[in-house]
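Q: Could you show me how to read the way helices pack in a model like this one?

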Amino acid sequence: MNTNALSADGRRTARRAANSKAVAAGARAGFVARGVIYLLVGLLALRIAFSDSGGKQADRGGAIAEIAEKPFGNVLLWALGAALAGMALWRLSEALFGLAGPDGDKRRKRAMAAARFLFYGFVSYSVLSYAAGDQSSGSGSSDRQTDDVTAKALEWTGGQWIVGIAGAVVVGAGLWIAFRAVTRKYRKHLKMSEMTRKVRRAVDFSGMFGGAVRGVVFATAGGFAVAAAVRHEPGRAKGMDDTLRSFTETPAGPWLLALIALGLAAFGAFSWANARWRKV
């Protein structure tokens, strides 16, 4: 058997592994874990809107700390981290072998899958490190981390441009997320025909409302980064927690944050729908 044949066999074996039931199960577990995090962030934001948050952060770190305080919290964190690792591996398989669907081999989509692999890999590592006892990992303040990274970047040559462009990219990504949600682009990834009419309506509501709110939050955070670059003030950049708190400073006051919180919780429910009906 020649080298080319061995290489082809290796690629076929890797592709079969990427399309295996284990990878699909990991992806679905990852959607469940993502739903848990968004639901908890939404609940924490709702608490901030109408009462004292008790020092809790409405971001991923706050969600992890909230889980850790519950009975068997450490066990739950291990399960959450493992599920997110499953999501990361699924995204890696998409980057290497293409996504489900007729246009899944497009370079743009595979590049986005690679970026998502890195993101979920980092989140999984953070959660697992926290579960293993490193409490500086995973639960750190997103606001402080954002300030530190922005301050360091602004010190570089051309740092203002780097931060400004990065912020503009996040704004664009947020608007794109919101657009895709409102136009129900997510439908092509779901097995809509397997849902009852009531379930389909619930999925559409959570997908449109939750996805649009998620996009607005991303775009707002990106806008703060652009402002930090223009004014050369790292403190103007905000993480998830401060971005959510900023909605209370609008004329709508805490009611706008409450609406945002409900949207994030809705996106958590939409993630659970993906766990059941996503085409993987």
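Q: At what angle do the axes of helix α4 and helix α5 cross?

A: This is a predicted model, in which local features need pLDDT of at least 70, side-chain atom pairs count only at pLDDT 80 or more, and totals for chains, interfaces and linings use all residues. Residues are numbered from 1 along each chain as its sequence is written, and side-chain values use heavy atoms, with hydrogens and water left out. Helices are DSSP runs (H or I, at least four residues) numbered from the N terminus. The axes of α4 (residues 73–97) and α5 (residues 107–131) cross at roughly 160° and come within 8 Å, which makes α4 roughly antiparallel to α5 (a term for angles over 145 degrees). Their contact is made up of 21 nonpolar, four polar and four charged residues.

Q: Which residues touch the most other members of the largest nonpolar core?

A: In soluble globular proteins, nonpolar side chains tend to be buried together. A nonpolar core is a set of buried Ala, Val, Leu, Ile, Met, Phe, Trp, Tyr and Cys residues joined through side-chain atoms within 4.5 Å, where buried means under 20% relative accessible area (1.4 Å probe, protein chains only). Here the largest core has 47 residues, and Leu77, Leu80, Leu84 and Leu244 touch the most other members; α2 gives the largest share, twelve residues.

Q: Is α3 largely enclosed or open?

A: Seven of the nine residues of α3 are buried, so this helix is largely enclosed by the rest of the structure. Its buried residues, among them Ile64 and Ile67, pack against α2, α4 and α5 (contact means heavy atoms within 4.5 Å).

Notes. Axes fitted to C-alpha atoms, helices over the stretch in contact; angles between N-to-C directions. Helix = DSSP H or I, 4+ residues; strand = E, 2+ residues; numbered from the N terminus. Parallel < 35°, antiparallel > 145°, perpendicular 65-115°, else oblique. Nonpolar A, V, L, I, M, F, W, Y, C, P; charged D, E, K, R; others polar. Buried < 20%, exposed > 50% of the residue type's maximum accessible area, 1.4 Å probe, protein only.
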